[in-house]
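Take a walk through the fold below.

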Amino acid sequence: MKTEHEIKTDIWRLLKSSALAKTISGTVSKTGRHAGSRLEDVVVSVLSSVMIGQSQEVYVNVNIYVSDVMRGEAYEENSLRLAELSRLAYEVLNAGNVDGFRITLAEQKTYDVAGLNEHMINNKVLYQYCNE
């Protein structure tokens with residue numbers, strides 16, 4: 001069985017070497033987002049873990065933050081940037097078999113981050129590992 005920290009590290013390593021990490025203005029983190037950051041940060045967190053015999057299935061959140069743009073006198077979502085980063089996230093997080101584990105993008109949604117003039121792309125990833 002892999003620990004929560006090992007799973008976050010697996011996903012973090014995969015993301016750090018991806019086109020997504022090279023494109024964002026911020027950092028890829030497995031420990032949280034820096035307070036007050038206005039950059040395009042990626043944060044990895046583990047949601048739940050289930051053991052099924054020798055198989056371990058874990059849901060992992062990969063959140064990508066994108067600042068809104070000012071249009072006239074109001075902020076609105078940066079839909080072009082959200083679309084670009086969503087596509088890059090899909091490519092890396094739906095990779096299948098990688099370094100002894102399997103990942104599949106289970107769900108991808110964009111949410112407004114209340115009070116911060118930014119949006120977040122929430123990627124729910126299924127991480128599967130066989131404990132042999």
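Of the 132 residues in the protein, 44% count as buried (under 20% relative accessible area; exposed is over 50%, partly exposed in between; 1.4 Å probe, protein chains only). This is a predicted model: local features need pLDDT of at least 70, side-chain atom pairs count only at pLDDT 80 or more, and totals for chains, interfaces and linings use all residues. Residues are numbered from 1 along each chain as its sequence is written, and side-chain values use heavy atoms, with hydrogens and water left out.

The protein has 3 helices and 8 strands (DSSP runs numbered from the N terminus: helices are H or I with at least four residues, strands E with at least two). From the N terminus, the order is α-α-β-β-β-β-β-α-β-β-β. The radius of gyration is 15 Å, close to the 14 Å that the globule rule gives for 132 residues, so the protein is as compact as a globular protein of that length. That radius is taken over C-alpha atoms, and the rule is 2.2 Å times the number of residues to the power 0.38. Along its principal axes, the C-alpha trace spans about 60 × 25 × 20 Å. Among contacts (heavy atoms within 4.5 Å) between residues at least 6 apart in sequence, 53% join residues at least 24 apart.

Now the helix. H3 covers residues 79-93. From first C-alpha to last, H3 reaches 20 Å, close to the 21 Å expected at 1.5 Å a residue; the expected span is 1.5 Å times one less than the number of residues. Its buried residues include Leu82, Leu85, Leu88 and Val92, and also Arg81. What do they pack against? The partners are helices H1 (4-16) and H2 (19-23), plus strands S3 (55-67), S7 (101-113) and S8 (118-130).

Next, a strand residue. Leu47 sits in strand S2 (residues 42-52). Leu47 counts as partly exposed because its relative accessibility is 45%. Not counting residues up to four places away in sequence, Leu47 touches Tyr59, Val60, Asn61 and Lys124. Glu4 is 43 residues away from Leu47 along the chain, and their C-alpha atoms are separated by 9.3 Å.

Finally, two loops. Asp99 lies between strand S6 (96-98) and S7. Its phi is positive, about 45 degrees, although Asp99 is not a glycine. Is Asp99 buried or exposed? At 73% relative accessibility, Asp99 counts as exposed. Asn117 lies in the loop between S7 and S8. Asn117 has a positive phi of about 50 degrees and is not a glycine. At 33% relative accessibility, Asn117 counts as partly exposed.
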